[in-house]
Amino acid sequence: MEEYMLPCLNKKIFGFDCLGCGLQRAAALLIRGEFVEAFYMYPAIYTLIPLFLVVGLNFFFKFKHASKIINTLAILTVAIIIVSFTIKIIN
């Protein structure tokens, strides 16, 4: 599966990771059932999954507080991405 993953163009061109680096590998780890390793690879994977699920469900079945849930999950996901990226850069 890893041989079919897309390379990070930001890393190839500029030499440093982008905010999305590790997402594909984390998804592959989740599929294999390696949940802790997926978290260490890309911590926001566990907030992206419910975010995509709520967005998808809201597309087909409109429910009352969908926008509030989507906004909360989106803000939480972005915050986790920025914090984990900052920690990765510092280390």
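Predicted model: local features only at pLDDT ≥ 70, side-chain atom pairs only at ≥ 80, totals over all residues.

Me: Let's start with Asn58. Why is Asn58 called buried?

Reply: Asn58 has a relative accessibility of 16%. Buried means under 20%, so Asn58 counts as buried. Asn58 sits in helix α4.

Me: What is Asn58 in contact with, leaving aside its neighbours within four places in sequence?

Reply: Phe63, Ala66 and Ile70. Contact means heavy atoms within 4.5 Å, and those three residues meet that test with Asn58. By contrast, Asn91 is 33 residues from Asn58 in sequence and 39 Å from it in space, C-alpha to C-alpha.

Me: And Phe16, why is it called partly exposed?

Reply: Its relative accessibility is 45%. Buried would need a value under 20% and exposed one over 50%, so Phe16 counts as partly exposed. Phe16 lies in the loop between α1 (9-14) and α2. Leaving aside neighbours within four places in sequence, Phe16 is in contact with Asn10 and Lys11.

Me: How far apart are Phe16 and Ile89, in sequence and in space?

Reply: They are 73 residues apart in sequence, while their C-alpha atoms are 8.9 Å apart in space.

Me: How do you know that the length of α4 agrees with its number of residues?

Reply: α4 has 16 residues, and at 1.5 Å a residue these should span 22 Å. The expected span uses one less than the number of residues. The end C-alpha atoms of α4 are 23 Å apart, which agrees.

Me: Which residues of α4 are buried, and what do they pack against?

Reply: The buried ones are Ile45, Thr47, Leu48, Leu51, Val54 and Asn58. They pack against α2, α3 (35-41) and α5.

Me: Which residues of α2 are buried?

Reply: Ala26, Ala28, Leu29 and Leu30. α3 and α4 are among the elements that cover them. After α2 comes Gly33, which has a positive phi, near 90°.

Me: What makes a group of residues the largest nonpolar core here?

Reply: A nonpolar core takes buried residues of types such as Ala, Leu, Ile and Tyr, joined through side-chain atoms within 4.5 Å. The largest such set has 13 residues, and Ala26, Ala38, Tyr42, Ile45 and Leu51 have the most contacts inside it. At least two of its residues come from each of α2 (23-32), α4 (45-60) and α5 (66-90), and α4 gives the most, with four. As for Ala26, not counting residues up to four places away in sequence, it touches Ala38, Met41, Tyr42 and Ile45.

Me: How do you find empty space in a model at all?

Reply: A probe the size of a water molecule is rolled over the atoms, and this shows where empty space is left. In this model, the largest pocket holds about 250 Å³ of space.

Me: What lines the largest pocket?

Reply: Its lining has 13 residues, with Leu6, Cys8, Cys21, Gly22 and Gln24 nearest the centre. α2 gives the most to the lining, with three residues. By type, the lining splits into seven nonpolar, three polar and three charged residues.

Conventions: Residues numbered from 1 in each chain as written. Heavy atoms only, no water. Buried < 20%, exposed > 50% of the residue type's maximum accessible area, 1.4 Å probe, protein only. 1 Å grid on protein atoms, 1.4 Å probe; cavity = no way out; pocket = protein on both sides within 12 Å on 5 of 7 lines; lining within 4 Å. Points joined across faces, edges and corners; volume = space filled by probe spheres on them. Nonpolar A, V, L, I, M, F, W, Y, C, P; charged D, E, K, R; others polar.
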